[in-house]
Amino acid sequence: SVLKAVAFRSKMQFVKFKPENGMQVTALGSVGVYERDGIYQLYVERMLPAGEGALERMLAELKARLEREGLFDPKYKQSLKLMPKAVGIVTSPTGAAVRDIIKVAKARYPGVKLYLAPVRVQGIESEQEIVQALELLDKSMLTDVIIIGRGGGSKEDLWVFNAESIVRRIFACKVPVIAAVGHETDYTLVDYAADVRAATPSQAAELAVPDVKALLQRIKGLQSSATGQIRMELQQRKLRLERNSSDYLQGCIK
């Protein structure tokens, strides 16, 4: 069987490698009817080198190029706020990741606001959706930190988080970004670009918001410490006053 494929310049300008004759590739797109000839065609929207080795080489080349540009440089990393008023979340609205983030964040810091920018986390449309969601939350000025991620999966499932457009959008964010893609052993380019990497979505929520119970305990400890220091200072001044009074009275008697 033969299926004709069409790749328009507007789509192919985003391909991260140079296709050559004889090369095996994985093409993703949609099938439609070319009415003039009455045949089905594959309209290619994305293209990747076929085979794990080729993908890994392409990823290594992209990582090296972005690294040279400084997109992973620690000096550009932003610090997280101790007590954020709101957290933005970029993930699937139906996955386990969003449930874990909401559950942990609300348990630790009930007063925090959560804004979900729902996206697909794999598939052809996911890259553009994730970029737009990041831009929306970053420009809204509603959040103090953004969590981007998804639950675990295969390398293919997580591949969109290696997309150059997403990495560049994270680097451009004025709001700090926490990456929580897959499990602890999974690494994508998003992990290197983010200000903070979390091993899991649940840990991302822990990093994003404080534990209110621990905060209250810390406040009590600081209050107790401050009270003790004030009492000690007052006691020392009282003793000093008593000594000065005694010395003054003895001087008067003489």
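Mentor: One term before we look: a residue counts as buried when its relative accessible area is under 20%. Also keep in mind that this model is predicted.

Trainee: Which way do the residues of β7 point?

Mentor: The general idea first: side chains in a regular strand alternate between the two faces of the sheet. In this case, V177, A179 and V181 point one way from β7, while I178 and A180 point the other way. Residues on both sides are buried here.

Trainee: And how do I read the pairing of strands?

Mentor: Strands of a sheet pair through backbone hydrogen bonds, and the pairing is either parallel or antiparallel. Take β7 again. With strand β6 (residues 145–150), β7 pairs in the parallel sense over five bridges, and I148 is found opposite A179 of β7.

Trainee: In which sense do β7 and strand β8 pair?

Mentor: That pairing is parallel too, over two bridges, with β8 covering residues 196–197. Here I178 sits opposite V196 in β8.

Trainee: Now the open sheet of three strands: what order does it have?

Mentor: Read across the sheet, the order is β1-β3-β2, and the pairing is mixed. An edge strand pairs on one side only, and that is the case for β1 (4–6) and β2 (25–34). Ignoring direction, neighbouring strands of this sheet are turned by 40° against each other on average.

Trainee: How many bridges join β2 and strand β3?

Mentor: There are 10, in the antiparallel sense, and β3 spans residues 39–49.

Trainee: Which helix gives the most to the lining of the second largest pocket?

Mentor: That's α2, with four residues. Helices α2 (52–68), α5 (155–158) and α7 (189–193) each supply at least two residues of that lining.

Trainee: And how do the residues of that lining divide into nonpolar, polar and charged?

Mentor: For the second largest pocket, you'd count seven nonpolar, five polar and four charged residues in the lining.

Note on methods. Residues numbered from 1 in each chain as written. Predicted model: local features only at pLDDT ≥ 70, side-chain atom pairs only at ≥ 80, totals over all residues. Heavy atoms only, no water. Pairing = 2+ DSSP bridges. Axes fitted to C-alpha atoms, helices over the stretch in contact; angles between N-to-C directions. Buried < 20%, exposed > 50% of the residue type's maximum accessible area, 1.4 Å probe, protein only. Nonpolar A, V, L, I, M, F, W, Y, C, P; charged D, E, K, R; others polar.
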